[in-house]
Structures are given as C-alpha cells and as structure tokens.
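Student: I've got a chain open and I'd like to walk through it. Can we take it step by step?

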Amino acid sequence: DRYLMTVDRIEVSHTAAEKADRYLTPGQLKTVLRDHTGYVCRRASPNHDDLYPDNEFTLRGEFYGLPLDIVFAIESDHVAVITQMSQHSDSLRGQFYEYVGDTAKDAVEHARS
C-alpha cells in the first residue's frame, strides 16, 4: 500500500512556512492537520479525468481565529503542506470539488482507496 502512513509525519513547504507572519506557523499547521476539523475536498473536473492530482487536497476552516485554506498533498510516507492562504471566494462545494471529509485523516483514507 503506497499510503501506509497517517498524519504522523507532516512536512511544511518553504512556501507555506514563508507565510507564517500572515497566517500559521509550521507548528500550528501541523497541529491543524492532526487535530482540527474543517471542510476537506479535492479539485476534480467531471470532464477531464486526471486533470488534477488525486493526492492533493484543500482543508478549509477557521484555525486559530483565521479563515484559511490549507492545501496539502498525501505523499507515500508523509503529508506535505503545499501552501496556506486566505479563503478564496470560490465555493468549494461545486461540481469542480469533491468532498472527502472533515479531517486530513479523511484525505489520507481517500488517497489510499
């Protein structure tokens, strides 16, 4: 199984860490992915299979008082935080997004299946 891990190992990208002055520190990001709930989805396009990577997810929620979108990928042996940003105006509940759960663990399970 290529996704044998949970959210034990989380690596925060340089891009995500650089935004710590505006948003969350790498430590806070790891805590959010391990312990917090939100709205987890992945980009999907009904007419273009494989247009978006199937291991990349967005966690939207309010964390440490900030409404954020945290973009992360499920890799074979860790979770990689790609970036964090203010919630963009796009609804994540349309046809181009597939709801996968409420936690990063749900995304791990989804990526494994």
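Student: In which sense do S2 and S6 pair, and over how many bridges?

Tutor: S2 and S6 pair in the antiparallel sense, over 4 bridges. Two strands count as paired if DSSP finds at least two bridges between them. Before we go on, note that this is a predicted model: local features need pLDDT of at least 70, side-chain atom pairs count only at pLDDT 80 or more, and totals for chains, interfaces and linings use all residues. Residues are numbered from 1 along each chain as its sequence is written, and side-chain values use heavy atoms, with hydrogens and water left out.

Student: Okay. Which residue of S6 does Arg43 stand opposite?

Tutor: Tyr97.

Student: What other strand is joined to S2, and how?

Tutor: Strand S3, residues 56-63, is joined to S2 by 3 bridges, and the two run antiparallel. Val40 has Leu59 in S3 as its bridge partner.

Student: Is S2 largely enclosed or open?

Tutor: 4 of the 5 residues of S2 are buried, so S2 is largely enclosed by the rest of the structure. Buried means under 20% relative accessible area, exposed means over 50%, and partly exposed is in between (1.4 Å probe, protein chains only).

Student: New topic. How many aromatic pairs are there?

Tutor: A search of the whole structure finds 2. One of them is Tyr39 with Tyr99, a tilted pair with 5.0 Å centre to centre and 40° between the planes. Tyr39 lies in strand S2 and Tyr99 in strand S6, so the pair ties together parts that are 60 residues apart in sequence.

Student: What's the cut-off for a pair?

Tutor: Rings of Phe, Tyr and Trp (its six-membered ring) pair if their centres lie within 6.5 Å. Planes under 30 degrees apart count as stacked, over 60 as edge-to-face, and the rest as tilted.

Student: And is Tyr39 buried or exposed?

Tutor: Tyr39 counts as buried, at 12% relative accessibility. Tyr99 is partly exposed, at 43%.

Student: Let's do charges. How many salt bridges does the structure hold?

Tutor: It holds 4. A salt bridge here is a side-chain nitrogen of Lys or Arg within 4 Å of a carboxyl oxygen of Asp or Glu. Side chains of opposite charge can pair when their charged atoms come close.

Student: Which residue does Arg42 meet in a salt bridge?

Tutor: Glu98, at 2.9 Å from N to O. That pair links distant parts of the chain: Arg42 is in strand S2 (residues 39-43) and Glu98 in strand S6 (residues 97-101), 56 residues apart. Arg42 is buried, with a relative accessible area of 14%. Glu98 counts as partly exposed, at 30%.

Student: What about Arg60, which residue does its side chain meet?

Tutor: Asp69, in a salt bridge of 2.7 Å from N to O. Arg60 is buried at 15% relative accessible area, and Asp69 is buried too, at 0%.

Student: What does Arg9 pair with?

Tutor: Arg9 forms a salt bridge with Asp77, the closest N and O atoms being 3.1 Å apart. Arg9 lies in the segment before strand S1 (10-12) and Asp77 in the loop between strand S4 (66-74) and strand S5 (79-86), so the pair ties together parts that are 68 residues apart in sequence. Arg9 is partly exposed at 40% relative accessibility, and Asp77 at 38%. Arg9, Glu11 and Asp77 are linked in a network of salt bridges.

Student: You mentioned S4 and S5. What joins S4 to S5?

Tutor: A hairpin, through 4 residues. S4 and S5 run antiparallel and are joined by 7 bridges. Ile70 stands opposite Gln84 in S5.

Student: And in which sense do S1 and S5 pair?

Tutor: Parallel, over 3 bridges. Val12 has Val81 in S5 as its bridge partner.

Student: Now zoom out. How many helices and strands are in the chain?

Tutor: 3 helices and 6 strands. Helices (H or I, at least four residues) and strands (E, at least two) are DSSP runs, numbered from the N terminus. Along the sequence the pattern is β-α-α-β-β-β-β-β-α.

Student: How much of the chain is buried?

Tutor: Of its 113 residues, 40% count as buried.
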